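Me: I would like to learn how to read a few features of a protein model. Please give the general idea each time, then the case at hand.

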Amino acid sequence: MAEISFSVEYAKTGRSSCKQSKEKIPKGDMRIAKITPSPFNEGEYMSSWYAVDPFFEMQYRMRKTSNKVESEDDLPGFDDLTPEDQDTLRQKIADFMNPDIKPPPKKRAAPKKAKAEDDEGGAAADGGSGSGSGSGSGAAEESESPK
C-alpha cells in the first residue's frame, strides 16, 4: 500500500489550485498537501494541495485504512504557522477526530430527470402553439411509457 503523508505551509505563489474545490489558493494563504508516491516516476513523490476546509472534507471520504491527519504532529510545517492558524488547525483536527460531529454532506449534482422534464415541457408548449399538436404530445407520451 502506498504511504501517504501530509504537510502544511503558506502558499508561496498564487498558482496552486485546491484539488477539491478547483479554486486558486491565494499567495500567503494556508494550504495542506497530501503527499503520495508519483504514478509517473518511481521513487518520486507528488503533492496535491488543498485549502483547509476542503482538505478536511476530503479526509472524511478517505478509506478507513488510509493515513489521516490525527494530530498536529502529522503536519510537518505546523510550527512555522502563526499561532492563530495553529489554533484553527487544532480545532479542525479536533472536530475531525470527534465521532459526534458528522461529516459535511456530499454535494450532489442536479437530478437529470428534472432536465428531461424541462425538455418535455418545452416540446409540449411548442406543439400546442402550432398545427399537429396531438402528434407532438403523443410522441412525448410514447417515450415516457416504456420507462
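Me: Which strand does Ser 48 lie in?
Reply: Helices (H or I, at least four residues) and strands (E, at least two) are DSSP runs, numbered from the N terminus. Ser 48 is part of strand S3. This is a predicted model, where local features need pLDDT of at least 70 and side-chain atom pairs count only at pLDDT 80 or more, while totals for chains, interfaces and linings use all residues. Residues are numbered from 1 along each chain as its sequence is written, and side-chain values use heavy atoms, with hydrogens and water left out.

Me: Is Ser 48 buried or exposed?
Reply: Buried means under 20% relative accessible area, exposed over 50%, and partly exposed in between (1.4 Å probe, protein chains only). Ser 48 has a relative accessible area of 12%, so Ser 48 is buried.

Me: Which residues does Ser 48 touch?
Reply: Contact means heavy atoms within 4.5 Å. Not counting residues up to four places away in sequence, Ser 48 touches Lys 19, Ile 32, Ala 33 and Lys 34.

Me: Where does Gln 59 lie, and what is in contact with Gln 59?
Reply: Gln 59 belongs to helix H1. Gln 59 is buried because its relative accessible area is 1%. Leaving aside neighbours within four places in sequence, Gln 59 is in contact with Phe 6, Lys 68, Val 69 and Phe 96. The C-alpha atoms of Gln 59 and Val 69 are 8.1 Å apart, although the two are ten residues apart along the chain.

Me: Which other residues of H1 are buried, and what do they pack against?
Reply: H1 covers residues 52-61, and its buried residues include Val 52, Pro 54, Phe 55, Phe 56 and Met 58. The buried residues of H1 pack against strands S1 (5-10), S2 (30-37) and S3 (45-50) and against helix H2 (83-97).

Me: How is a pair of packed helices described?
Reply: Two packed helices are described by the angle between their axes and the distance between the axes. Axes are lines fitted to C-alpha atoms, for helices over the stretch in contact, and angles run from 0 to 180 degrees between N-to-C directions. For H1 and H2 the angle is about 20° and the axes are 11 Å apart. H1 is therefore roughly parallel to H2 (angles under 35 degrees count as roughly parallel, over 145 as roughly antiparallel, 65 to 115 as roughly perpendicular and the rest as oblique). On the H1 side the contact is made by Val 52, Asp 53, Phe 56, Gln 59 and Tyr 60, and on the H2 side by Leu 89, Lys 92, Ile 93, Asp 95 and Phe 96.
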